[in-house]
Amino acid sequence: MKVSVITFPGSNCDHDAYEVFRSRGHITRMIWHKDHDLQNPDLVILPGGFSYGDYLRCGALARFSPIMNEVIAFAEKSGFVIGICNGFQILTEAGLLPGALMRNNSINFVCKHQMLRVESANSPFTQGIKVGSLLDTPIAHKEGNYFIDPDGLKALQDNDQILFRYCDAQGQISPQANPNGSLDNIAGIVNKGRNVLGMMPHPERSATESVYSQDGKRIFEALESYFDGGN
Amino acid sequence: MLKAKIFVELKPSVLDPQGKAVTNSLHNLGFEDVSQTRIGKYIEIVFDSSDREYVSKETTRICDSLLANPNTETYRFELMEIMS
């Protein structure tokens, strides 16, 4: 795959993402937010961090960075985009994903390992992963409380757009297993076209041998098999 | 010149954990009559124009495009004549 990782002022997971894709053998490029060329990627990564210092609302200013015109055009032509953490916030602000990420209900910054349950294998990001599989993935955010109006939530459920939910070690979805107050324990969703993924947990921080969990790797393996399959 | 005084507020249907924490602190301070606190944003924008109709339209466009997130927030504003 050809992967372009966008760096916004304040991004801090761009190098983690770059390193994971590079080490997996992909042609990986770092793209500055003021650039106007995505360099013909198969996949665009909007990384985690604190773009523009989270001023006004998380992602609200990054959404107007020059490169976002290209990212939106790329996504609208069915290009693959993953927004991780702050990247997810930017995708909702840009209107590429529905809903919004609000302040955690605890008001605290939450930084810990968190279990996710895979809720749908019907996406290039989760194909081949059995529904109900648990992924141990780090979270680190203060604004990860997913919110959408009742009609929007119903549409997400009806269209099978919820890919990951927060759960406990036994895979139970419960308020106790919800680290931030997200509606319906939502941790990650895709758009209707199933080419844009937003998730608060960090798969790129759980994808190499040097860290505690390698479960995040399964998302990248799913995408790789999608591309290798000639799709 | 006109100054727009803009208030961005969370929709009533949206929980405000920050406001809830402030309510708890106020109770701890002895303000027991406080039943609810909601926290929003206050923004001032100064325009190089005294045309109220134009400035009102521009402020609406600014709020819709950037200052408020329609998923979670509402906004209102008032205009005020100021000396340049």
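In what order do the three strands of the open sheet in chain B lie? In this predicted model, the order is S2-S1-S3, and the pairing is antiparallel. The edges of this sheet are formed by strand S2 (41-47) and strand S3 (73-81) of chain B, each of which pairs on one side only. From one strand to the next, the twist averages 20°. Against this sheet packs helix H2 (residues 52-67) of chain B, which touches S1, S2 and S3 of chain B and whose direction makes about 35° with that of S1(B). Strand S1 (residues 2-10) of chain B is joined to S3(B) in the antiparallel sense over nine bridges, and within S3(B) the residue Tyr75(B) is the bridge partner of Val8(B).

Turning to chain A, the reader will find five helices and eleven strands. Its radius of gyration is 16 Å, close to the 17 Å that the globule rule gives for 231 residues, and chain A is therefore as compact as a globular protein of that length. The C-alpha trace of chain A spans about 45 × 40 × 35 Å along its principal axes. Of the 231 residues in chain A, 53% are buried. When the contacts in chain A between residues at least 6 apart in sequence are considered, 73% of them join residues at least 24 apart.

Strand S9 (residues 162-167) of chain A runs antiparallel to S10(A) and is joined to it by three bridges, with Arg165(A) standing opposite Ile186(A) in S10(A). S10(A) also pairs with strand S11 (residues 196-199) of chain A, again in the antiparallel sense and over three bridges, and here Leu197(A) in S11(A) is the bridge partner of Val190(A). S10(A) and S11(A) form a hairpin with five residues between them, and in the turn Arg194(A) has a positive phi of about 65°.

Which residues have the most contacts inside the largest nonpolar core? They are Ile6(A), Val44(A), Ile45(A), Val81(A), Leu91(A) and Val196(A), in a core that has 64 residues. The element that gives the most to this core is helix H2 (residues 67-76) of chain A, with five residues. Apart from this core lies another, of eight residues, among them Leu2(B), Val8(B), Val55(B) and Cys63(B). In soluble globular proteins, nonpolar side chains tend to be buried together. The surroundings of Val44(A) can be followed residue by residue: leaving out residues up to four places away in sequence, Val44(A) touches Ser4(A), Ile6(A), Leu38(A), Val71(A), Phe74(A), Gly79(A) and Val81(A).

Ser106(A), by contrast, is 113 residues away from Ile219(A) in sequence and 29 Å away in space, C-alpha to C-alpha.

Two residues in a loop of chain A call for attention through their backbone angles. Gln39(A) is found in the loop between strand S2 (27-32) and strand S3 (43-46) of chain A, and its phi is near 65°, a positive value in a residue other than glycine. Asn40(A) is in the loop between S2 and S3 of chain A, and has a positive phi of about 55° although it is not a glycine. Most residues other than glycine have a negative phi. Gln39(A) counts as partly exposed, with 13 C-beta neighbours inside 10 Å, while Asn40(A), with 11 other C-beta atoms within 10 Å, is exposed.

Finally, the two chains meet in a contact that takes ten residues from chain A and nine residues from chain B. On the side of chain A that touches chain B, six residues are nonpolar, two are polar and two are charged.

Definitions and conventions
Residues are numbered from 1 along each chain as its sequence is written. Chains are lettered from A and ligands numbered from 1 in the order in which they are written. This is a predicted model: local features need pLDDT of at least 70, side-chain atom pairs count only at pLDDT 80 or more; totals for chains, interfaces and linings use all residues. Two residues are in contact if their C-beta atoms, placed from the backbone, lie within 7 Å. Ala, Val, Leu, Ile, Met, Phe, Trp, Tyr, Cys and Pro count as nonpolar, Asp, Glu, Lys and Arg as charged, and the others, Gly among them, as polar. Two strands pair if DSSP finds at least two bridges between them. Helices (H or I, at least four residues) and strands (E, at least two) are DSSP runs, numbered from the N terminus. Axes are lines fitted to C-alpha atoms, for helices over the stretch in contact, and angles run from 0 to 180 degrees between N-to-C directions. The radius of gyration is taken over C-alpha atoms; the globule rule is 2.2 Å times the number of residues to the power 0.38. A residue is buried if 20 or more other C-beta atoms lie within 10 Å of its own, exposed if 12 or fewer, and partly exposed in between; C-beta atoms are placed from the backbone. A nonpolar core is a set of buried Ala, Val, Leu, Ile, Met, Phe, Trp, Tyr and Cys residues joined through C-beta atoms within 7 Å.
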